Amino acid sequence: MTAKRAGLITDSFKVVKKAKRENKRKKEAPSHPKQDAELLPLTAKDIELQELRQFDQNWQYGPCTGISRLERWERASLHGLNPPQEIKEMLRGREADPDYTYCLWSGYPL
Amino acid sequence: MFSELSHSSRQGSCSLLCRPGSEDQDPSVFDRVQPAYSPCAERFRLGERSFNRQYAHIYATRLMQMSPLLTERAQQKWGADVPIKKLCDLQMGEQCCIVGTLFKHMDLQPSILKEISEEHNLLPQPPRTKYISQSDELILEDELQRIKLEGNIDVDKFVTGSVIAIYGAEKNDGKFTVEDFCTADLPPQAPRTPISSDRFVLLVSGLGLGGSHADSMLALQLLVDMVTGQLGDQGEQSGAATISRVLLAGNLLSQTTQDKDASTKAKYLTKKTQAGTVDAVRLLDELLMQLVASVPVDVMPGQYDPTNYTLPQQPLHRCMLPLSSSYPTLQLASNPHQASIDGVRFLGTSGQNVLDIQRYSGMDSHLDILENTLRLRHLAPTAPDTLGCYPFYLKDPFILEECPHVYFSGNAPSYQSKHITGADGQDVLLVAIPEFSSTQTACLVNLRTLECEPIRFSSFSAGDDEESEMNISH
């Protein structure tokens, strides 16, 4: 019996798992009311960003990684694919905000 | 060479044997013809160089640019009501047309992943002259999907990266049976402005300076003397004056100047040694100075020249050529190069694109490959797959938007040229410029008639070779 117990993988990882769960619980507990507060009224920025993410995922305009959203929009416009004008309006004047300029995968390393 | 001109010189053939002209006699001076020249290679210039992007953008933008063209061609060929579909809408057994980028799956294609995979523990593959095999397969990719091709399409003739339209139907096994295909074919051509007199452009490639070809140095000096009007009698000289421009298409330096030792040897061992390119570039500078003092010269870099490796290669830096770069007649050009000389549009490369297609297809003749790239309307379809290329995202600069009148590539094993005509009356002269260091041959293109003829500088050395062979046989 003892030998079998020692052989279980879960034995060696138990500690880690427990620690994670505890961490999660700790994090989730205080953040719950906050999230709710944020979720209820979607800010104008959230709606815009959602629309921009939709634009990122539209395959017709080509891959989105490695270039800025505006560059991708310009390319699509150059090749006559008629990207939505609203996207350009949204991106105008927001060059300093990385949430707006770069695509949804920009946080991930290549 | 200059056949009509040399004929007229027969009458004054004594000009070499007569006494030097006395002072009251006018010395004969031949003014070199001055053509209208405008370089139009802006699209091959790189501004910012960012290598953060992946190559997916090139393929995406290539398909974006080419698919309207191919849709139009397909409608011309198979009727205006031919169904043009995306692969995701494809129904089995339905006859339709699909526009997409070809990918050729090749077992022999060298892959860095195969080489470094420790599991297989393979030796690096030896370099081959051809990487094609019987098991090669063609796959067509559109924006979202890919499909294997079979049927009426010659696998050996196509290379990865070509955008074509195919017509046929999908079969039960998920493969697409091709009945017919079409390429984008020749782009529209601007008409040439008629020229009244014979004018020539000299195309030279593969000077191979710094190499071991000693006899090619003599031939090279003869070439320079011929162009600058220091050879022959007055007839020859007046002929040389009709050469309005010289175009050097790459590989100015020899491959032997690229010593790999410098990167593998210890630093302290190579501290006092000089790179092999230093002397070769100095030689090039002296040679160019002789030329540019007399005639405008376009210098394109090639595979072995000291500039960036990836296409488009940027012009050589003027600092390397202190003697010749002070002349306004020296034009340091990019590779590929495009220029309009007297209304004749020249476009060409130093040969990397052709050599790469030769390696990855069944075609051998440089001229056939040149014609094929023109019909595909793409200068270098195999870039970025097997040919180094800058990661463009906005536009693929290698797509031909305008049909050239002279389409050339350098560093061919032998001289070849021919005319091809397009469906809309385009007339293109294709020239495979031979490597000068091994063939001692240059090409003269007549701007008036668009004819091309080779000039050889080494009939005597070929004779020497025969003699030495005779000696061996005795």
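Visitor: How many residues does the contact take from chain A and from chain B?
Guide: The contact takes 11 residues from chain A and 13 residues from chain B; two residues are in contact if their C-beta atoms, placed from the backbone, lie within 7 Å. This is a predicted model, where local features need pLDDT of at least 70, side-chain atom pairs count only at pLDDT 80 or more, and totals for chains, interfaces and linings use all residues. Residues are numbered from 1 along each chain as its sequence is written, while chains are lettered from A and ligands numbered from 1 in the order in which they are written.

Visitor: Which helix of chain A has the lowest confidence?
Guide: That is helix α2 (residues 9-39) of chain A, with a mean of 53, whereas helix α4 (residues 69-78) of chain A is highest, at 90. The score is pLDDT, the predictor's confidence in each residue, from 0 to 100. Helices are DSSP runs of H or I with at least four residues, strands are runs of E with at least two, and both are numbered from the N terminus.

Visitor: And where does pLDDT stay under 50 in chain A?
Guide: Over residues 24-31 of chain A, and the model has zero contacts beyond four places in sequence for them.

Visitor: New topic: is N82(A) buried or exposed?
Guide: N82(A) counts as exposed, with 9 C-beta neighbours inside 10 Å. A residue is exposed if 12 or fewer other C-beta atoms, placed from the backbone, lie within 10 Å of its own, buried if 20 or more do, and partly exposed in between. The phi of N82(A) is near 50°, a positive value in a residue other than glycine.

Visitor: What about Q440(B), buried or exposed?
Guide: Q440(B) is buried, with 23 other C-beta atoms within 10 Å. Its phi is also near 50°.
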